[in-house]
Amino acid sequence: DNLQLFKDVNNKIVLELGSGSGQSLKYLSTKGAKEIWGIDISHEQIERAKKLNIKNSKFILSAMEENNKIPTNYFDYVFSLYSIGYSSNPLKVFELASSYLKRNGKFILCWTHPFFNCLDIKDDKLTIKHSYNDESAKIIKKGEKGIEFIQYNLKISTLINGLISSGMEIEQIIEESP
């Protein structure tokens with residue numbers, strides 16, 4: 001609501017890439033989305049999303065860089081909220097997202113600024129742990145249990161050029177203050 005990323009979802013068809021437990025999709029259903037789709041690699045997250053009982057929803061267990069029976073030229077909105085960097089091939093995800101959209105459809109991407117992942121705090125000092133130009137995969141730990149993930153830290157230019165080469169036009173870039 002604050003950023004007004006979704007102008008109007010009433011009677012729209014939406015797809016979330018990396019849908020997690022479905023909270024964003026549940027929110028969009030309350031705003032009148034006609035059809036709700038989610039794709040996530042985690043069986044547990046898909047099961048949580050299904051328990052939300054979102055009407056007119058479909059969830060697909062798959063990596064977002066694979067087209068697992070997702071229709072092309074079908075969605076009004078395709079979006080990814082803080083999950084694109086966990087894909088094994090974010091640029092492939094952009095190509096697929098572009099193919100899923102109807103003409104004049106919108107792709108919304110939210111991700112951490114890549115420079116943030118280059119930083120570390122040790123002994124109350126901010127340090128640079130690796131180069132911003134290093135786009136290789138990194139193993140990171142998340143959560144209390146320290147679950148390991150592979151994350152790609154793509155530069156802003158790589159992300160923007162990937163979006164453009166997939167056929168998308170960039171309308172707006174929003175940078176929020178921490």
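This is a predicted model: local features need pLDDT of at least 70, side-chain atom pairs count only at pLDDT 80 or more; totals for chains, interfaces and linings use all residues.
Guide: Residues are numbered from 1 along each chain as its sequence is written, and side-chain values use heavy atoms, with hydrogens and water left out.

Visitor: What makes a space a pocket?

Guide: On a 1 Å grid over the protein atoms alone, a pocket is an open set of points where a 1.4 Å probe fits, with protein on both sides within 12 Å along at least five of seven lines. A volume is the space filled by probe spheres set on the points, which are joined across faces, edges and corners; for the largest pocket this is about 2,000 Å³.

Visitor: Why are L5, I108, L109, C110 and Q172 called lining residues of the largest pocket?

Guide: A lining residue has an atom within 4 Å of a point. The largest pocket has 49 such residues, and the five named lie nearest its centre.

Visitor: What is known of the second largest pocket?

Guide: The second largest pocket holds about 640 Å³ of space. Its lining has 22 residues, with D40, I41, S42, Y86 and F149 closest to the centre. The largest share of this lining, 3 residues, comes from β9.

Terms used:
Helices (H or I, at least four residues) and strands (E, at least two) are DSSP runs, numbered from the N terminus.
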